[in-house]
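Subject: A structure for you to look at

Hello,

I am passing a structure on to you, and I hope you enjoy looking through it. Please open it first, and then read my notes below.

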Amino acid sequence: MTLTIRDVTKKYSIKSRKTVVNALNGVSLTVEKGKTLGIVGESGCGKSTLARLIVGLEQPTEGSLNWSGAPLGQGVRNGLRSHHTKTQLVFQDPYSSLNPRQTIGACIAEVIKTHKLRAEDQVNARVIELLSVVGIAEDMQNRFPHQLSGGQRQRVAIARALAAEPDLLVLDEPVSALDVSVRADVMNLLVDLKNQFNLTYIFISHDLSMVRHISDDIAVMYLGRVVEYGSWSEVLSSPKHPYTKALIQSIPEHTTVRGIDFENVLEGEVPDPANLPKGCAFNQRCPIAVPACAEKVPELLELTSHHLVACPEVLK
């Protein structure tokens, strides 16, 4: 089973500005069953938009998304399972993603009942089982979200996603809203769950150190496009695109003793996605840009069979 994203574009009309924002511009990715693809990039690069498209919250303007050859958002219903359970999304903020008026047990039970995944008399046992899987005690099922810590709320959000028995979990900045002291615990939980249930993950973050911890492959995005793709070991040990290099410099262990390597700090502002520059969107901030970079949008080119980069200059 494979997730296949082909030439996906997403545009939003902004009526107040009488313009169109280009959130995604021809994204193509493939994720094999049981693997984890990390997607990184700064705010506004299109990571969360792609997450919403994968789980069917929005539809692409152009392009296609398929799971094992079937379009996402379509499928065959049966008595026990709805096609909507195929993909699930874990949001960044667990407090806003949980109903504050529902107990955590009722929140998870609602998913099971909606998709008819268990008989009525088996729902509560399944709720207890899912809470145990994510490290929440049975006697906490009657608590409300505000009675839990941030880490506990995110564990409940993960349990709710697992309640739908998905094949693919999209994790959109799942630990960035948590205290630093609990991030490692939640990350380790996600790794254990992936192995236990043979899940496929899309792990979205702006933090390369988190992505490195969990991912098999990494896609680096900039203004709606993938600019570098490969195994995490290749991308992090031998980055080729200037933007990827700048992101790696933001990881504390890669910076100088004073905390910043001033030779690798990006200059300039991120272009307006409603008014993208011609050619490579990164060319106005790129230290190796040449005049040709402002003329043609670069395609992903092969460095190796599993390492691609959208920059012809680095191949010269």
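Where is the place of asparagine 198? Asparagine 198 sits in the loop between H6 and strand E8 (200–205). Before I go on, please note that this is a predicted model, in which local features need pLDDT of at least 70 and side-chain atom pairs count only at pLDDT 80 or more, while totals for chains, interfaces and linings use all residues. Residues are numbered from 1 along each chain as its sequence is written, and side-chain values use heavy atoms, with hydrogens and water left out.

The names H and E follow DSSP runs, numbered from the N terminus: helices (H or I) have at least four residues and strands (E) at least two.

Asparagine 198 has a positive phi of about 50° although it is not a glycine. Asparagine 198 is partly exposed, with a relative accessible area of 44%; here buried means under 20% relative accessible area, exposed over 50%, and partly exposed in between, with a 1.4 Å probe and protein chains only.

Glutamate 173 also is not a glycine, and has a positive phi of about 50°. Glutamate 173 lies in the loop between strand E7 (168–172) and helix H6 (180–197). With a relative accessible area of 9%, glutamate 173 is buried.

Helices around H5

Axes are lines fitted to C-alpha atoms, for helices over the stretch in contact, and angles run from 0 to 180 degrees between N-to-C directions. Angles under 35 degrees count as roughly parallel, over 145 as roughly antiparallel, 65 to 115 as roughly perpendicular, and the rest as oblique.

The axes of helix H3 (residues 104–114) and helix H5 (residues 150–163) come within 8 Å and cross at roughly 20°. That makes H3 roughly parallel to H5. From H3, Ile104, Cys107, Ile108, Val111 and Ile112 make the contact (heavy atoms within 4.5 Å), and from H5, Val156, Ala159, Arg160 and Ala163 do. By class there are eight nonpolar, no polar and one charged residues in the contact of H3 with H5. Ala, Val, Leu, Ile, Met, Phe, Trp, Tyr, Cys and Pro count as nonpolar, Asp, Glu, Lys and Arg as charged, and the others, Gly among them, as polar.

H5 and H6 have axes that come within 10 Å and cross at roughly 15°, and are therefore roughly parallel to each other. Their contact includes Ile158 and Leu162 of H5 and Leu189 and Leu190 of H6. The residues of the contact of H5 with H6 divide into eight nonpolar, two polar and two charged.

How do H4 and H5 lie to each other, roughly parallel or oblique? The axes of helix H4 (residues 123–133) and H5 come within 9 Å and cross at roughly 130°, so H4 and H5 are oblique to each other. Arg126, Leu130 and Val133 of H4 meet Ala159, Leu162 and Ala163 of H5 in this contact.

The cores

A nonpolar core is a set of buried Ala, Val, Leu, Ile, Met, Phe, Trp, Tyr and Cys residues joined through side-chain atoms within 4.5 Å. The largest nonpolar core has 55 residues, and Ile108, Ile158 and Leu190 have the most contacts inside it. Leaving aside neighbours within four places in sequence, leucine 190 is in contact with Ile158, Leu171, Pro174, Tyr201, Phe203 and Ile214. Another core, of 28 residues, lies apart from the largest one, with Ile5, Leu24, Leu53 and Val55 among its residues.

Best wishes
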